[in-house]
Amino acid sequence: MNNVPETTDTYFDDSLLLLALKYSPEPVAIYSEENMIIRFANQGMLKLWGKEALVVGRPLLEAIPELTDQPFLSILQNVWTSGETYAVRAAPVELMQDGVRRLGYYDFEYKAIIDESGKTCCILNTAREVTYEKEYLEKMLERADREEALTMEMSAALEELSATNEDLLSSMRLLSDSKEEVRTIIEQAPVGMTMLKGPEHIIEIANPAILHIWGRTANEVVGRPHRLARPELAGQPVYDWLDQVYATGERRTNKEFAVNLYHSGGSRQAIVNSIYQPIFSGDGAVTGVLVILEEITEQVMARRKNEKDQHMLTLALDAGQLATFYYEITTDLFAGNHLLYTWFGLEHSEQIQLSNALAMIVEEDRKRVADAVSTSLSSESNGDYAVEYRIQTSNDTAPRLVQARGKVFYDNNGNAISLNGTLRDITEQKRDEQRKDDFIGMVSHELKTPLTSLRAYLQLMQRGVGLSKKMNVQTALDKSLRQVQSMTGMINGFLNISRLDAGKMVLNRSYFNFKALFSELQDDVLYTIQSHRVVFEISDDIQIYADREKIEQVMHNLIGNAVKYSSPGSRIDLTYSLDDGRFIAVRVSDEGMGIALEDHNKIFERYYRVNSTKMGSIAGFGIGLHLCREIVELHQGTISVEHSGVNGTTFKFVLPLQSTLFN
């Protein structure tokens, strides 16, 4: 039995895990429920069945009707109810291949996957065709029987003295030919084979395949007793198994046997399947042992890695409370893990059409989600899928807000075959953000009035002190006014965020000369910022139709960030230029700590703060860059991190000279 984490879901179809199993080198299938619904079959299993991927999701006998008069369904049902694994070697199976019903022989195993409650949640089926190995063995045994029969005929002929010398020579030639045929079959076999003769197990024949596994040459082992030729097996059970087979005449089979083999003067551990077949003489006496050996080290290690990855992925999904989904384009089927079915209010064993899942989405969001799916599957898309939407079932008192992230998978011809991804419940996260927004909006409104009054009083005092020419008092008032102005700017940023959420941020567009704005900004910044070398590269006159005040706010925010995140005395550069004759591109560069590549897009999200030890105690709310992006995008522009590294960061925003949309 193989225990898995406890779950109430007997339907096992974790899409991400199945994608990992898809690349297993062995044929693999997964069934669930008593009528054996095919939940997964990789390419190896589909080829073995002679079927297409459309059989996935159908009952076993319905998908593969040629199994109806064969015992496999009853065996599977017994495994399902008992939880006991069933394994068999070289079993005859009739399957449809290329439209013809053919008999083949297969090693296969039905492994019950048991949850912690003791119930079977699914059955893992692995298989391997051994038809050719069986044919080789039968041919070899047939040749051995022919050899013994010829020997008996020759003895009878000698005893009766009725055969002529020519008959005797003919029989000897036939015997020689028979031995040569057996040797040829063994030499050309695709698996490792060797013939051991007598109680000392003299190595009579060893084909290239088995010599490769042993790490030996024919000159090292042929004609020598097995124990002497392969001393590396001392302390392992192989010697005893050979003695036992020779003594009892009973065949022995070992599956996934770990053995230490000779390799380049040392040893290596390998995993093999092996058969020890006794060879009988005409009178029934054992004369030797035929060994068939197949190394499966790589296959077993790959399977164990897949099982480990599957387990780790399951733990990660459970810990992160993530729902997984899998949408198959050709069948229009939508499936996922237990959490997905729970959120959508669906039965865990249901075969769901995409339309059924979309019906659980709040009506206002439904078309947007359908469009996002269609866009990700289109030939022009990069295959990324990202959308937020609300789900509400009949049992939910309020909608559940989820964040979907996914990726389209393609076949070898570049055709989309599935959309796979995860869902995350962000309901509480959004509520927390709303509460934070409400609090910031309230505090900002409360602080704005006293700050306005304080600024007016300071300006009156500044005028009075200016007349008296008291420079120390004048300097203190200048610094106080700059702090008030900085705090007013921060509060205005908070208020703009609140207005943006409420849809009340209005752009007061007008035509203005960007060069004039740039020059005014230069005078203001050079007067207020003494800690850094701020360099303005003033270019040509450029007329732009935009909200002058808000574009100035964007530039102040970017300059403020450059000052905050770079060392005192370092340089900050500001440039602007015409772009493609229809746009203006503005760049703000610093020599600061830089921004990690994975944070380039996230830093424009609301409240996002880079998690870095370089940040130290630098304060901030994570709204400045978010507000910059919203203002730029309201102008139909773009903003991005153009460059970031050890030599600093460059922010770039691009605005159209003439906007065609109006608030």
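**Salt bridges, rings and strands**

Student: Is Glu295 buried, partly exposed or exposed?
Tutor: Glu295 counts as partly exposed, because its relative accessibility is 24%. Keep in mind that this is a predicted model.

Student: What does its side chain meet? I mean that of Glu295.
Tutor: The side chain of Glu295 meets that of Arg268 in a salt bridge, at 2.8 Å from N to O. The two are 27 residues apart, with Glu295 in strand 11 (residues 286-295) and Arg268 in strand 10 (residues 266-280), so the pair links distant parts of the chain.

Student: And Arg268, buried or partly exposed?
Tutor: Arg268 has 22% relative accessibility, so Arg268 counts as partly exposed.

Student: Which residues do salt bridges with shared partners join into one network?
Tutor: That network holds Arg89, Asp107, Arg128, Glu133 and Glu294.

Student: How many salt bridges does the count come to?
Tutor: The count comes to 30 salt bridges. In general, side chains of opposite charge can pair when their charged atoms come close.

Student: OK, Arg216 next. What does Arg216 form a salt bridge with?
Tutor: The partner of Arg216 is Glu220, and their closest N and O atoms are 3.7 Å apart.

Student: Which ring does the charged end of Arg216 sit over?
Tutor: The charged end of Arg216 sits over the ring of Tyr262, 3.8 Å from the ring centre.

Student: Why does Arg216 count as buried?
Tutor: Arg216 has 14% relative accessibility, and buried means under 20%.

Student: New topic, rings. How many aromatic pairs are there in the whole structure?
Tutor: A search of the whole structure gives 15 aromatic pairs. Take Phe108 and Tyr110: their ring centres are 5.0 Å apart and their planes stand at 45 degrees, so this pair is tilted.

Student: Are Phe108 and Tyr110 buried or exposed?
Tutor: Phe108 is buried at 7% relative accessibility, and Tyr110 is buried with a relative accessible area of 6%.

Student: Which residues do ring pairs link into a cluster with them?
Tutor: The cluster linked by ring pairs consists of Phe72, Tyr86, Phe108 and Tyr110.

Student: Switching to strands. In what sense do strand 2 and strand 3 pair?
Tutor: Strand 2 (residues 28-32) pairs with strand 3 in the antiparallel sense, over 4 bridges. Tyr31 stands opposite Ile38 of strand 3.

Student: How many residues sit between strand 2 and strand 3?
Tutor: The hairpin has 4 residues between its strands, and in the turn Glu33 takes a positive phi of about 70 degrees. As for cover, 5 of the 5 residues of strand 3 (residues 37-41) are buried.

Student: Last one, helix 19. Which of its residues are buried?
Tutor: In helix 19 (residues 624-634) the buried residues are Leu625, His626, Leu627, Cys628, Glu630, Ile631 and Val632. Just after helix 19 comes Gln636, with a positive phi of about 65 degrees.

Terms used:
Residues are numbered from 1 along each chain as its sequence is written. This is a predicted model: local features need pLDDT of at least 70, side-chain atom pairs count only at pLDDT 80 or more; totals for chains, interfaces and linings use all residues. Side-chain values use heavy atoms; hydrogens and water are left out. Buried means under 20% relative accessible area, exposed over 50%, partly exposed in between (1.4 Å probe, protein chains only). Two strands pair if DSSP finds at least two bridges between them. Rings of Phe, Tyr and Trp (its six-membered ring) pair if their centres lie within 6.5 Å; planes under 30 degrees apart count as stacked, over 60 as edge-to-face and the rest as tilted. A charge sits over a ring if NZ of Lys or CZ of Arg is within 6 Å of the ring centre and within 35 degrees of the ring normal. A salt bridge is a side-chain nitrogen of Lys or Arg within 4 Å of a carboxyl oxygen of Asp or Glu.
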